[in-house]
Amino acid sequence: MHKKEWETIHRWEWFRREQWLHTFRQEKFGSYGGSPAAVKRILGDAGGKVVLDASCGLGLKTVVMHEIALDVVGCDQSEFAIEKARELSRLEQHPLEFFTARWRELPSRTKMQFDLIFNDALSSIVTREDFELALNGFRGALKSGGYLVFMGAPEGSTPHDALAVLEATWEARPKFSIQWTHTEGDMRCTALLARDRREDYIDEHHLFIVEEGGEQRLETATIRQPIYWHWALLKDMFHRAGFSHLETREFCGMGKGGTDFTLNVATK
Ligand SMILES: C[S@@+](CC[C@H](N)C(=O)[O-])C[C@H]1O[C@@H](n2cnc3c(N)ncnc32)[C@H](O)[C@@H]1O
């Protein structure tokens with residue numbers, strides 16, 4: 001989803017990498033483990049097990065997962081992101097395997113079968129048809145008994161809860177914000193974020209003001225955050241896709257600043 005948009009965002013994130021190269025571990029792992037440590041806990045004994053970071057982007061979480069002794073491979077739909085994820089893992093002294101794939105085509109893009117697939121962007125799928133195609137792709141790339149772990153609406157959530165989440169998500173951040181500015185040689189980029197709320201989704205408009213050789217130009221990328229996925233819908237889609245079990249697991253004190261968070265775990 002949003003392939004071109006993600007490539008634009010990744011391109012400018014890579015441009016400003018000097019700003020995050022020394023801090024990304026803290027951001028992704030923190031002092032409390034975050035989702036990489038939660039993945040390790042779900043796997044139990046990780047020995048001999050292989051994890052796929054299926055929305056790896058520039059590979060930041062993939063690198064962190066490797067550093068906590070997970071055997072991990074990364075994939076993403078974006079060729080640019082995969083090229084840079086390889087470069088990042090080389091820079092960090094442990095070259096990892098990455099490949100390009102859309103979730104729906106995973107079984108035709110790799111011969112590997114994974115013990116666990118992690119996805120931090122599954123809930124940003126916009127249509128039910130795309131969601132079901134993605135689930136089929138994941139099921140095909142999982143070993144029997146393997147897990148698909150994703151961030152999403154928790155167990156028992158209703159359409160009414162989804163509206164409360166929309167409200168809270170909308171209120172949590174300003175409608176317009178300046179994200180960062182970075183200069184490299186004679187190129188300077190300033191990233192702005194503008195948010196737009198509709199009935200059951202929020203559009204995030206990423207605006208990049210690029211100044212180069214005395215000229216200014218604007219690049220944009222819009223990522224839609226749907227807020228309508230709720231538990232009954234998820235259960236139904238996972239059941240139809242052939243997953244035997246779906247549950248929400250809570251990770252107490254492992255989030256940013258020691259906060260709690262949940263992950264959904266579907267078993268093939
Ligand atoms: C939130 S970003 C990932 C951030 C990354 N996990 C990190 O922690 O730095 C979501 C990623 O999912 C990828 N993505 C979205 N839909 C996809 C699809 N259908 N197939 C493969 N990748 C997809 C995007 O290209 C993007 O790189």
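Visitor: Which way does α3 cross α4, left-handed or right-handed?

Guide: α3 passes α4 in a right-handed crossing. Keep in mind that this is a predicted model.

Visitor: Which residues make the contact there?

Guide: S35, P36 and V39 do it from α3. K61, V64 and M65 do it from α4. By class, that contact has four nonpolar residues, one polar and one charged.

Visitor: At roughly what angle do the axes of α3 and α4 cross?

Guide: Roughly 50 degrees, and the axes come within 9 Å. Helix α3 covers residues 34-43, and helix α4 covers residues 60-67.

Visitor: So what do you call that orientation of α3 and α4?

Guide: Oblique. Angles from 65 to 115 degrees would count as roughly perpendicular, and angles under 35 as roughly parallel.

Visitor: Switching to α7 and α9. How do their axes cross?

Guide: At roughly 45 degrees, coming within 9 Å. α7 is residues 128-141 and α9 is residues 231-240. These two are therefore oblique to each other. α7 passes α9 in a right-handed crossing.

Visitor: And which residues touch?

Guide: From α7, R128, F131, E132 and L135. From α9, M237, F238 and R240. Four are nonpolar, three are charged, and none is polar.

Visitor: New topic. How many residues are in the largest nonpolar core?

Guide: It has 51 residues. V51, I117 and F138 have the most contacts inside that core.

Visitor: What is F138 in contact with, beyond its sequence neighbours?

Guide: Leaving aside neighbours within four places in sequence, F138 contacts W103, L106, I117 and L148.

Technical notes:
Residues are numbered from 1 along each chain as its sequence is written. This is a predicted model: local features need pLDDT of at least 70, side-chain atom pairs count only at pLDDT 80 or more; totals for chains, interfaces and linings use all residues. Axes are lines fitted to C-alpha atoms, for helices over the stretch in contact, and angles run from 0 to 180 degrees between N-to-C directions. Helices (H or I, at least four residues) and strands (E, at least two) are DSSP runs, numbered from the N terminus. Angles under 35 degrees count as roughly parallel, over 145 as roughly antiparallel, 65 to 115 as roughly perpendicular and the rest as oblique. A crossing is left-handed if the near helix is turned anticlockwise from the far one by less than a right angle, and right-handed if clockwise. Two residues are in contact if their C-beta atoms, placed from the backbone, lie within 7 Å. Ala, Val, Leu, Ile, Met, Phe, Trp, Tyr, Cys and Pro count as nonpolar, Asp, Glu, Lys and Arg as charged, and the others, Gly among them, as polar. A nonpolar core is a set of buried Ala, Val, Leu, Ile, Met, Phe, Trp, Tyr and Cys residues joined through C-beta atoms within 7 Å. A residue is buried if 20 or more other C-beta atoms lie within 10 Å of its own, exposed if 12 or fewer, and partly exposed in between; C-beta atoms are placed from the backbone.
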